[in-house]
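Open your viewer and load the model. This tour goes from the whole chain to two single residues.

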Amino acid sequence: MTYLKFVWRRLLQRMWFLPAAFSVIAVLTIIVAYFVARYAPEDLPFVMPADAVQTILQILASSLLTVAVFALSTVVGALSSASSATTPRAVPLIAGDLRAQTSISVFIGAFLFSIVGIIGLSVGLYSEAGRLFLFVVTLGVLVLVVTSLIRWIGQISAIGRVGYTIEAVEAATSNAVSITVERKLLGGRLLTGQPQGEPVRAERPGYVQLCDMEQLQKLAESHGLTIAVLARPGAYSTPIRPLICVEGPLDDALRQALRDCFVLGEVRTFDSDPRFGFIVLGEIADKALSPGINDPGTAIAVIDTLTRLLLDWQDRDGEVLYDRVLVAPIDAREVLEDAFRPIARDGAAFVEVMIRQLKSLETLAHCNAWLAPAARQCAASTLRRAGGALSFDEDRAALAAVSGWIETGNEQDAAAG
């Protein structure tokens, strides 16, 4: 992902961006109506009274402000609900939901359109042709507002609920997984062994949100460098943990240019960081298993979601686009620990949750060769945790009935080795 594309995606996720854009469009529409009317013919089929347009605009102006405030309060309530019922890490996805933002933006933009239109009519800016054109545009705005209001009614019944939040996290994680599958090494070459060269470190700690591989390649080509990326998106970089190691001559200006290829922030993002999505899903399941909530059904729903996402994460050799940049692959064991370890730790006493997790890991072990060894290790760890937490013999027997594949798989791995 390039820096400009990264910035554009971040802008779209800001709650203020779409309302501001719709407001600008509303004002421009009023201005365009004024200038277009100057080229209209003088003799019109009928005359549009100023009161007819102004009455509609006044109705829109008086009602849409209330609707916009109500919609915003609903979003604020949904953000609070998502934070308390699931995890605060999922809140940016709710706030950045384009469907909700579009509805609110339509309400605010239509309100501003009405206000500016009333001002223009009151001071006599519009001719007869201008009023006719403004009336046609107003009817279009009215249809847009009604459509957005109907769509908003459907959204408020779901937004902020646990299932809605899980779906939002799944969609964001699925997108990140697709990017990772397509570019396993971010488009670079495989880094094997220990990285060589001089380390370049960040000046301040933070999570890597973007690694601009294209710019790294350009710098490497122009200065005859070989760069090993040690901090993929999602990694926590500090002044003692290098971002990259560079083979070749370096000066202070080049070091800074290399640092500028990385965007660091205070929090992780879902873009190009699938592990963060699995961490967030694990947190949702973990909170559902807490004594205060005690909702194993949500944990099972999260496990099903994790299974779908991990089945899509296949290990494929991607095209090498940046031959002077080396990148280490993601560790499959760390991926599964991000997803399943919190559930196994805090859900060990829930036999139904442990059974579903073992079945999920069995599916991954048989359907995803890349994850298979790590899935067996994770399943063995899950079984040990559950064995220490379950005291009822029938629960232990039920767990043993779905865990026989673990030893069989380990024996096959040993024979193959």
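How far apart are the mean positions of the positive and negative charges of the chain? They are 2 Å apart, for 35 positive and 42 negative charges. Lys and Arg count as positive, Asp and Glu as negative, with His and the chain ends not counted. Each charge is placed at NZ of Lys, CZ of Arg, CG of Asp or CD of Glu.

Before going on, note that this is a predicted model, where local features need pLDDT of at least 70, side-chain atom pairs count only at pLDDT 80 or more, and totals for chains, interfaces and linings use all residues. Residues are numbered from 1 along each chain as its sequence is written, and side-chain values use heavy atoms, without hydrogens and water.

Select the whole chain. Its C-alpha trace spans about 90 × 65 × 35 Å along the principal axes. Now switch to cartoon. You have 16 helices and 8 strands (DSSP runs numbered from the N terminus: H or I, at least four residues, for helices; E, at least two, for strands). Of the 417 residues, 45% are buried (under 20% relative accessible area; exposed is over 50%, partly exposed in between; 1.4 Å probe, protein chains only).

Next, select Ser-272. It sits in the loop between β7 (262-265) and α10 (274-288). Ser-272 is buried, at 17% relative accessible area.

Move on to Asn-294, in the loop between α10 and α11 (296-312). Asn-294 also is not a glycine and has a positive phi, about 55°. Asn-294 is partly exposed, at 47% relative accessibility.
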